[in-house]
Amino acid sequence: MSWRSEWRCGSIYREWVVSVGKRDGLARVAHLLCEFGRRLEVAGLGKSEGFYLPMTQEHLADATGMSLVHINRVLTAVFGPRP
C-alpha cells in the first residue's frame with residue numbers, strides 16, 4: 001500500500017471511532033448511509049439520489065455499534081412504523 005492509501009485508511013478508522021463514541025444513534029446511521037452512498041457513487045454503482053442497500057436491521061446495528069432494539073427505534077423514528 002502507498003502512504004496515501006495508509007493515510008486514507010487511518011482517516012476512515014478515526015472517523016468511525018468518533019462515530020461510535022460521540023454520535024447519537026441517528027447520526028451514526030446517517031453517517032453510515034452517507035458513506036455508503038458516496039462510495040457507491042464514486043464506484044459508479046449508485047447515484048446521490050439513492051441506492052440499493054440490501055442490509056437487515058441486524059447488519060445496521062452491527063455496523064453502527066448499536067443494539068437491535070436501538071436501531072429499530074432509530075429507523076422507526078425516521079421512517080415511521082412498517083405498515
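Me: Buried means under 20% relative accessible area, exposed over 50%, and partly exposed in between (1.4 Å probe, protein chains only). Is L26 buried, partly exposed or exposed?

Reply: The model is predicted, so local features need pLDDT of at least 70 and side-chain atom pairs count only at pLDDT 80 or more, while totals for chains, interfaces and linings use all residues. Residues are numbered from 1 along each chain as its sequence is written, and side-chain values use heavy atoms, with hydrogens and water left out. L26 belongs to helix α2, residues 25-42. Its relative accessibility is 46%, so L26 counts as partly exposed.

Me: What percentage of the residues of the protein count as buried?

Reply: The chain of the protein has 83 residues. Of these, the share that counts as buried is 23%.

Me: What share of the contacts with a separation of 6 or more comes from residues 24 or more positions apart?

Reply: A contact means heavy atoms within 4.5 Å. Among contacts in the protein with a separation of 6 or more, those between residues 24 or more positions apart account for 37%.

Me: Are α2 and α3 roughly parallel or roughly perpendicular?

Reply: Axes are lines fitted to C-alpha atoms, for helices over the stretch in contact, and angles run from 0 to 180 degrees between N-to-C directions. Angles under 35 degrees count as roughly parallel, over 145 as roughly antiparallel, 65 to 115 as roughly perpendicular and the rest as oblique. The axes of α2 and α3 (residues 57-64) come within 10 Å and cross at roughly 100°. The relation of α2 to α3 is therefore roughly perpendicular.

Me: Which residues of α2 and α3 make the contact between these helices?

Reply: The crossing of α2 and α3 is at roughly 100°, with the axes coming within 10 Å. On the α2 side the contact is made by R28, V29 and L32, and on the α3 side by L60, A63 and T64.

Me: Which residues of α4 are in the contact with α2?

Reply: Helix α4 covers residues 68-79, and its axis comes within 10 Å of the α2 axis, crossing at roughly 80°. The two are therefore roughly perpendicular to each other. From α2 the contact has G25, L26 and V29, and from α4 it has H70, I71, V74, L75 and V78.

Me: Which residues of α4 are in the contact with α3?

Reply: The axes of α3 and α4 are 9 Å apart, and the helices pack at an angle of about 105°. That angle makes α3 and α4 roughly perpendicular to each other. The α3 residues in the contact are Q57, E58, L60, A61 and T64, and those of α4 are L68, I71, N72 and L75.

Me: Which residues does L60 touch, not counting those up to four places away in sequence?

Reply: L60 is part of helix α3 and counts as buried, at 10% relative accessibility. Its C-alpha atom is separated by 9.7 Å from that of L33, 27 residues away along the chain. Beyond four places in sequence, L60 touches L32, M55, I71 and L75.

Me: With which residues is M66 in contact, leaving aside neighbours within four places in sequence?

Reply: M66 sits in the loop between α3 and α4 and is buried, with a relative accessible area of 9%. M66 and V29 are 37 residues apart along the chain, and their C-alpha atoms are separated by 9.8 Å. Leaving aside the sequence neighbours within four places, the contacts of M66 are G25, R28, V29, A61 and I71.

Me: With which residue does R39 form a salt bridge?

Reply: A salt bridge is a side-chain nitrogen of Lys or Arg within 4 Å of a carboxyl oxygen of Asp or Glu. R39 is partly exposed, because its relative accessibility is 47%. The closest N and O atoms are 3.1 Å apart, and the partner of R39 is E35.

Me: What is the N to O distance in the salt bridge of E41 and R38?

Reply: The count of salt bridges comes to two. E41, at 32% relative accessibility, counts as partly exposed. E41 and R38 are three residues apart in helix α2 and are therefore separated by about one helical turn. Their side chains meet with an N to O distance of 3.6 Å.

Me: How far apart in space are C34 and S48, C-alpha to C-alpha?

Reply: C34 lies in helix α2 and counts as exposed, at 56% relative accessibility. In sequence C34 and S48 are 14 residues apart, and in space, C-alpha to C-alpha, the separation is 9.1 Å.

Methods
Helices (H or I, at least four residues) and strands (E, at least two) are DSSP runs, numbered from the N terminus.
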